[in-house]
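Please keep the sequence and the three-dimensional view at hand while reading.

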Protein chains: 2
Amino acid sequence: MAICVPKGYRVAGVHTGVKRDARKQDLALVVSDRDAAAAGVYTQNLVYAAPVALDRERTPSDRIRVVVANSGNANACTGQRGLEDARTMARLAAEAVGAEPDQALVLSTGIIGAYLPMDRIGSGIASAAAMLGSDEQSLVPAARGMLTTDTVHKLAGRTVTIGGRQIQVTGMAKGAAMMGPNMATMLAVIFSDAPLDKLSVDRSLKAAVRDTFNCISVDGHMSTNDTVLLLANGAAGGEPLQGDDLAMFDGALEEVCVDLAKSIPADGEGASHLITLKISGCADRAAALQIAKTVANSPLVKTAITGADPNWGRIVSAAGYAGVPFDPAGVTLHVNGFMLYQAGAPVDFDAKAVSDSIRQNRDTLIQLAFGEGPAAARFWTTDLTTEYVRLNADYHT
Amino acid sequence: MAICVPKGYRVAGVHTGVKRDARKQDLALVVSDRDAAAAGVYTQNLVYAAPVALDRERTPSDRIRVVVANSGNANACTGQRGLEDARTMARLAAEAVGAEPDQALVLSTGIIGAYLPMDRIGSGIASAAAMLGSDEQSLVPAARGMLTTDTVHKLAGRTVTIGGRQIQVTGMAKGAAMMGPNMATMLAVIFSDAPLDKLSVDRSLKAAVRDTFNCISVDGHMSTNDTVLLLANGAAGGEPLQGDDLAMFDGALEEVCVDLAKSIPADGEGASHLITLKISGCADRAAALQIAKTVANSPLVKTAITGADPNWGRIVSAAGYAGVPFDPAGVTLHVNGFMLYQAGAPVDFDAKAVSDSIRQNRDTLIQLAFGEGPAAARFWTTDLTTEYVRLNADYHT
């Protein structure tokens, strides 16, 4: 569970003034002292922001040196000027650390439809570059530099020994939370000193994201800026990982991604519960995931958990409209380990005990089993509270 | 806009005691004095209630005489006994009006997972049968007999002259609102004195539902009991309608369905706005409808309207993740007639004027135009308020 800066990286987080509160960092740099292999996974939204366009062009790569992230302004829906600003931001970050302009990747989050305040971004990059460090005193401000309305910074890490080399995988993320009068964005940067070729970085990241960041939702609204980046700079030494060694790295990467991904709904706006859904017994993984997403996004399921209500009807009926065929007589449901529904019918259960277990724990586990096949999926979401509505509706009043 | 009982029908609504409040009707009868052609459209949920199973078996039909509806108990997830209870309820209603047992259809809504209190249902049917009438003093209690947490009863009607005959189409509905610790259901019964054959009733109802009841959502949760029934008993006289005459009937039927369908989100739990979405310029209707549904079900779009926030970003980005390909540069958005976004970019607009127009009207119109083709769709939904969350989360506290 070691969370530290991997070998060959320096990081920093500063306040540039894009956010009003001077105590809040709003710009972060992650710098590799040598060329790193890098890959990205991006929002599937047809309406995507300028930084996503830039990073898509530049990844996968085997020569990235710096990631610059800002919060407070998402540089989305800003047209040609937005693209130029993203390019300038990348160039400034690259120049500040002695790299080529195209060796930088960019992340932005915050309000949309407004141009980046390039003067503040520029001076922020300069001061961040002057503060780069490889200790925790640098790592936490860097992680904070990409936050919007998150209540806590999100860091995760794993140290693994692979073929005698100690390898570090560290990640930072921001949650799907609202910013000003605008929209949700999920960002993550994972960086490692593992030696990996470009192709492996791309494949490993896609595999890890599939079962982690792509298995969370807060409100089902997909942002214009969602991005997960992975950098691997090889500072741990040795030849690029292959075979079992690569599989060991992938295991550590997935653990870091699980930690970061879960931390997002856990810190969802107004959330009072982190809900883990485990769907099993489906014909294939796509079916299991579709059921998981449908149950996770049902406002009636979410509000039932908010109210500590062991409402099997809402959960089973949400599965029923997921668009996936199944035999209702094969459905069994557990909530926090209590069986509520078995083989297609409700069973007697201690409603007060289940309700207490929901109310007294921040984590709720919903297990829904079908009789269709061997496939399973895991998904994380939040409940839905009056506080969520207040945060997203009432900021003008 | 005439709302009256069509020729050849009598109706009644009574309190049986399934609902606790003695002032609230919880059982309704709609009786035709002759065999009526009848059809139904039912929930697509794989987990469906006993009354849905029964009505599916019996429709389309050309010999229905009675529809019996109860609220307070949905007879869902009740297994074989639930099916037998639905059959008994149908038989009791048929016997009470001198019809054969299989000439009755059944609707139930309310709590799920509990058996119908058949003694109360039986005595309720008997007293309703003794009170049948064809005036407004009978119609309103009948409409109220199928309500759950609806705040108003929902009636609509049209009178049309077709080939010299005066034809009446009248409908009653209940909304997608929550009941006790349970789930949302939408029910409607539309009854007409038009002469229609079984095939026409089925086709006309399916066409009308497609563009009305299937184009509304409150929270996207599809119930186990959703049902729309259409009866046509021919009491207006003449041969079954065909060709242009049938098309005139279909027009009146669709108007009644629009009125009823809109009344459901308009009375959604905690709703402060009825949102009408008009999507145009799509390649085909399925694409337009998919975008409409995605925007309608976005909690961020809903809460923006709650907060009177002209937030084009949330609306455009929701369209962007609908899974329908489109050129973002072809998107134009109006809210309440104000242009917020044109040809892929935000435009200058008077934010206060738009916000005032949202705040000061219960109806909000969102028009989203694309440049992909000629197809359009219309959809109705509600906003999302703290009151919705309170109603659905806090009933145990």
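## Where the chains meet

In this predicted model, the contact between the chains draws 48 residues from chain B and 47 residues from chain A. On the side of chain B that touches chain A, the elements that supply two or more residues are α8 (299–306), α9, β13 (345–346) and α11 (386–393) of chain B. Among these, α9(B) gives the most, with six residues. When the residues on this side of chain B are sorted by class, 22 are nonpolar, 21 are polar and five are charged.

Of the interface residues of chain B, 98% are also interface residues in chain A, so the copies meet through the same surface.

## How the copies are related

Chain B can be laid on chain A by a turn of 180° with a shift of 0.0 Å along the axis, and the RMSD of that superposition is 0.0 Å. The two copies are thus related as by a two-fold rotation axis. Within chain B, the C-alpha nearest the axis belongs to Thr386(B), which is 2.3 Å from it.

## The build of chain A

The secondary structure of chain A comes to 11 helices and 15 strands. Its radius of gyration is 22 Å, close to the 21 Å that the globule rule gives for 397 residues, so chain A is as compact as a globular protein of that length. Taken along the principal axes, the C-alpha atoms of chain A fill a box of roughly 65 × 60 × 35 Å.

Of the 397 residues of chain A, 61% count as buried. Among the contacts in chain A between residues at least 6 apart in sequence, 79% join residues that are at least 24 apart.

## The nonpolar cores

In soluble globular proteins, nonpolar side chains tend to be buried together. Here the largest nonpolar core has 265 residues, and those with the most contacts inside it are Leu29(A), Ala93(A), Leu29(B) and Ala93(B). If residues up to four places away in sequence are left aside, Ala93(A) touches Leu29(A), Val66(A), Val68(A), Ala104(A) and Ile125(A). There is also a second, separate core of eight residues, which includes Leu384(A), Tyr388(A), Val389(A) and Leu384(B).

## A sheet in chain B

Seven strands of chain B form an open sheet in the order β8-β15-β10-β14-β11-β12-β13, and their pairing is mixed. The edge strands are β8 (216–217) and β13 of chain B, each of which pairs on one side only.

Two bridges then join β12(B) to β13(B), which run antiparallel, and Tyr341(B) has Pro346(B) in β13(B) as its bridge partner. β12(B) and β13(B) also form a hairpin with two residues between them, where Ala343(B) in the turn has a positive phi of about 50°.

## Particular residues and bonds

A cis peptide bond joins Thr59(A) and Pro60(A), with omega about -10°, and Pro60(A) is found in the loop between α1 (50–58) and β3 (61–73) of chain A. In chain B, the peptide bond from Thr59(B) to Pro60(B) is cis as well, with omega near -10°.

Although it is not a glycine, Cys77(B) has a positive phi of about 60°; it is found in the loop between β3 and α2 (79–96) of chain B. Cys77(B) is buried, with 23 other C-beta atoms within 10 Å. Ala308(B), also not a glycine, has a positive phi of about 55° and lies in the loop between α8 and α9 of chain B. Because Ala308(B) has 24 C-beta neighbours inside 10 Å, it counts as buried.

Arg314(B) is found in helix α9 (residues 312–320) of chain B. What makes Arg314(B) count as buried? The reason is that Arg314(B) has 25 C-beta neighbours inside 10 Å, where 20 or more are required.

Conventions. Residues are numbered from 1 along each chain as its sequence is written. Chains are lettered from A and ligands numbered from 1 in the order in which they are written. This is a predicted model: local features need pLDDT of at least 70, side-chain atom pairs count only at pLDDT 80 or more; totals for chains, interfaces and linings use all residues. A nonpolar core is a set of buried Ala, Val, Leu, Ile, Met, Phe, Trp, Tyr and Cys residues joined through C-beta atoms within 7 Å. A residue is buried if 20 or more other C-beta atoms lie within 10 Å of its own, exposed if 12 or fewer, and partly exposed in between; C-beta atoms are placed from the backbone. Two residues are in contact if their C-beta atoms, placed from the backbone, lie within 7 Å. Helices (H or I, at least four residues) and strands (E, at least two) are DSSP runs, numbered from the N terminus. The radius of gyration is taken over C-alpha atoms; the globule rule is 2.2 Å times the number of residues to the power 0.38. Ala, Val, Leu, Ile, Met, Phe, Trp, Tyr, Cys and Pro count as nonpolar, Asp, Glu, Lys and Arg as charged, and the others, Gly among them, as polar. Copies are superposed by least squares on the C-alpha atoms of residues with pLDDT of at least 70 in both. Two strands pair if DSSP finds at least two bridges between them.
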